[in-house]
Amino acid sequence: MENGAIKNIYLLRHGKVEGKAALNGFSDVLVQTEIQQRICESLIEQNLFLDCVVTSPLRRCSDLANLYAKRMALPLSIEPEFQEMNFGEVDGVAFDELDDKWAKLETFWEDPANHQLSGAESLQNFHDRVTQGWSQLLTNESDNLLLVTHGGVIRMILAHCLDIDWKNPSLYSKLSIENASITHIQITQFAQSFVSVKSIGLPVL
């Protein structure tokens, strides 16, 4: 980025997924086609000035990103760094079927940085992956980007941009990032980069 240049990045959380309520991380659950189309139409009506679309490879994100990029004739790139956290053996398992794993899950929610779920990605690795992807995104030549991603990823990016402790459990339990909502981050380049969080979790639908 040149001095005085402004980069706008819009973080869009995917729509509500099908199936029973579960902790969906790497599980490739789907959003109904009708909902994807509604989100796409609503995005178009917002008249965002965008140069490109970036997406998590998981279909709840990439289906929407493909739909929007084709409608708006924008380049699309798929970035694995922006996948949701992998929750291991509880990933994608309906909450009402967890049975004996509930206690471990509750311990995880109380302190996710220090209690790794069985077979899961650590919060440290998740943080490193997402922030590395974010740093790469900032080098993208486009000045106005749409990133279609997940709630956990958006929270981690916000913690990074706002210099908040990403190990704080409140970041994941109290910061609401609803389905089909947009968070807008603006970066201005002078002698150094200045980051401004313009809005968090504004509903698209």
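Guide: Strand 1 (residues 6–13) and strand 5 (residues 181–189) pair in the antiparallel sense over seven bridges. Helices (H or I, at least four residues) and strands (E, at least two) are DSSP runs, numbered from the N terminus. Two strands pair if DSSP finds at least two bridges between them.

Visitor: Before we go on, what kind of model is this?

Guide: This is a predicted model: local features need pLDDT of at least 70, side-chain atom pairs count only at pLDDT 80 or more, and totals for chains, interfaces and linings use all residues. Residues are numbered from 1 along each chain as its sequence is written, and side-chain values use heavy atoms, with hydrogens and water left out.

Visitor: Back to that pair. Which residue stands opposite asparagine 8 in strand 5?

Guide: Glutamine 186.

Visitor: And the sheet as a whole, what's the strand order?

Guide: The order is 3-2-4-1-5-6, in an open sheet of six strands with mixed pairing. Strand 3 (76–78) and strand 6 (193–203) are at the edges; each has a single partner strand, so one side of each lacks a neighbour in the sheet. From one strand to the next, the twist averages 20°.

Visitor: Who pairs with strand 4 in the parallel sense?

Guide: Strand 1 does, over six bridges. Arginine 13 has threonine 149 of strand 4 as its bridge partner. Strand 2 also pairs with strand 4 in the parallel sense, over four bridges. There, cysteine 52 stands opposite leucine 145.

Visitor: Is strand 4 buried or exposed?

Guide: Six of its six residues are buried, so strand 4 is largely enclosed by the rest of the structure. Buried means under 20% relative accessible area, exposed over 50%, partly exposed in between (1.4 Å probe, protein chains only). Asn144, Leu146 and Val148 point one way, while Leu145, Leu147 and Thr149 point the other way.

Visitor: Which helix lies across strand 4?

Guide: Helix 2 (residues 59–72) does. Helix 2 also lies across strand 1, strand 2 (52–55) and strand 3, and runs at about 170° to strand 2. Angles run from 0 to 180 degrees between N-to-C directions, and axes are lines fitted to C-alpha atoms, for helices over the stretch in contact. Contact means heavy atoms within 4.5 Å.

Visitor: How do helix 4 and helix 5 pack?

Guide: Helix 4 (residues 123–138) meets helix 5 (residues 151–162) at an angle of about 75°, with axes 10 Å apart. That makes the two roughly perpendicular (65 to 115 degrees; under 35 is roughly parallel, over 145 roughly antiparallel, the rest oblique).

Visitor: Changing topic. How many disulfides are there?

Guide: Zero in the whole structure. A disulfide is a pair of cysteine sulfur atoms within 2.5 Å.

Visitor: Last one. Where does aspartate 99 lie?

Guide: In the loop between strand 3 and helix 3 (102–110). Aspartate 99 counts as exposed, at 60% relative accessibility.
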